[in-house]
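Please look over the structure below. A short report on selected features follows it.

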Amino acid sequence: MARLTKKQKEAASKIEKGKLYSVDEASALIKEITNTKFDASVDLAVRLGVDPRKANQMVRGVVSLPHGTGKDMKVLALVTPDKEAEAKEAGADYVGLDEYLDKIKGGWTDVDVIITMPSVMGKLGPLGRVLGPRGLMPNPKTGTVTMDVAKAVTEVKAGKIDFKVDKTGIVHAAIGKASFSADKIAGNANELLQTLIKLKPTAAKGTYVKSIFMSSTMSPSVAIDPKIG
């Protein structure tokens with residue numbers, strides 16, 4: 001087992017063993033125990049009482065974080081020529097079609113989100129093996145396949161993220177940066193948690209939100225009371 005550094009031991013000592021914190025308490029504590037030289041990401045891991053292998057218990061959605069992600073999201077708009085100006089004006093970092101499809105075929109995936117139009121999706125199908133595992137395949141359910149390209153680009157740039165329960169029943173999401181105020185971290189965390197609660201599948205039985213943990217890059221996790229969350 002890897003030995004803890006002095007800073008890691010100090011951070012761990014500030015977390016009460018067995019205590020379930022409120023979202024506000026956890027947000028303040030994460031700032032206190034984050035000692036990285038870079039601006040660490042703050043992440044939320046929510047274990048749900050669902051069986052993601054069953055289609056009627058899949059939890060997937062989008063949320064617009066009120067205080068943004070703190071990350072400059074790189075957006076690729078794969079659009080027809082008539083939509084290029086619209087995408088550029090909205091702030092897309094890369095705009096085009098065939099030349100970017102060729103780049104992706106060659107292994108280029110240096111973007112955070114791809115936004116496209118329904119008429120272009122047929123061209124993206126063969127690239128599923130490249131885009132799928134990286135979570136980059138556009139999807140109408142997450143608003144990344146749309147005719148309103150400008151709106152989609154603007155929302156992503158402003159802090160809209162998509163999330164999906166993994167095969168172990170956990171939703172992982174980056175909800176901000178350690179440089180954010182505790183209030184902003186808590187605000188983003190609460191927005192995600194309320195969205196997850198609204199998406200509870202009718203087929204899910206028993207306890208829906210089983211556990212919530214907040215952490216930053218390289219920090220210990222802080223347990224949040226799922227009843228508060």
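Is Trp 108 buried or exposed? Trp 108 counts as buried, at 18% relative accessibility. Buried means under 20% relative accessible area, exposed over 50%, and partly exposed in between, with a 1.4 Å probe and protein chains only.

This is a predicted model: local features need pLDDT of at least 70, side-chain atom pairs count only at pLDDT 80 or more, and totals for chains, interfaces and linings use all residues. Residues are numbered from 1 along each chain as its sequence is written, and side-chain values use heavy atoms, with hydrogens and water left out.

**The aromatic cluster**

Tyr 94, Tyr 100 and Trp 108 form one aromatic cluster. Rings of Phe, Tyr and Trp (its six-membered ring) pair if their centres lie within 6.5 Å; planes under 30 degrees apart count as stacked, over 60 as edge-to-face and the rest as tilted. The structure holds three aromatic pairs. Two of them are listed here.

| Pair | Centre to centre | Angle between planes | Class |
|---|---|---|---|
| Tyr 94 and Trp 108 | 5.2 Å | 85° | edge-to-face |
| Tyr 100 and Trp 108 | 5.7 Å | 40° | tilted |

Tyr 94 lies in strand E4 (residues 94-96), and Trp 108 in the loop between helix H4 (98-105) and strand E5 (113-116), so their pair ties together parts that are 14 residues apart in sequence. Helices (H or I, at least four residues) and strands (E, at least two) are DSSP runs, numbered from the N terminus. Tyr 94 is partly exposed, at 22% relative accessible area. Tyr 100 is buried, as is Trp 108.

E4 belongs to an open sheet of three strands, in the order E4-E3-E5 and with parallel pairing. Two strands pair if DSSP finds at least two bridges between them. E4 and E5 stand at the edges with a single partner strand each, so one side of each lacks a neighbour in the sheet. Strand E3 (residues 75-78) pairs with E4 over three bridges. Ala 77 has Val 95 in E4 as its bridge partner.

Two helices pack on this sheet. H4 touches E3, E4 and E5, and its direction makes about 115° with that of E4. Helix H7 (residues 149-158) touches E3 and E5, at about 165° to the direction of E5. Axes are lines fitted to C-alpha atoms, for helices over the stretch in contact, and angles run from 0 to 180 degrees between N-to-C directions. Contact means heavy atoms within 4.5 Å.

**Buried positions elsewhere**

In helix H2 (residues 23-33), the buried residues include Val 23, Ala 26 and Ile 30. Seen down the axis of H2, its buried residues fall within an arc of 170°, so they line one face of the helix. The arc is that of the directions from the helix axis to the C-beta atoms. Their cover includes helix H1 (6-13) and helix H8 (182-198).

Leu 131 sits in helix H6 (residues 128-131). Leu 131 is buried, at 0% relative accessibility. Neighbours within four places in sequence aside, its contacts are Ile 104, Ile 114, Leu 124, Leu 136 and Met 137.
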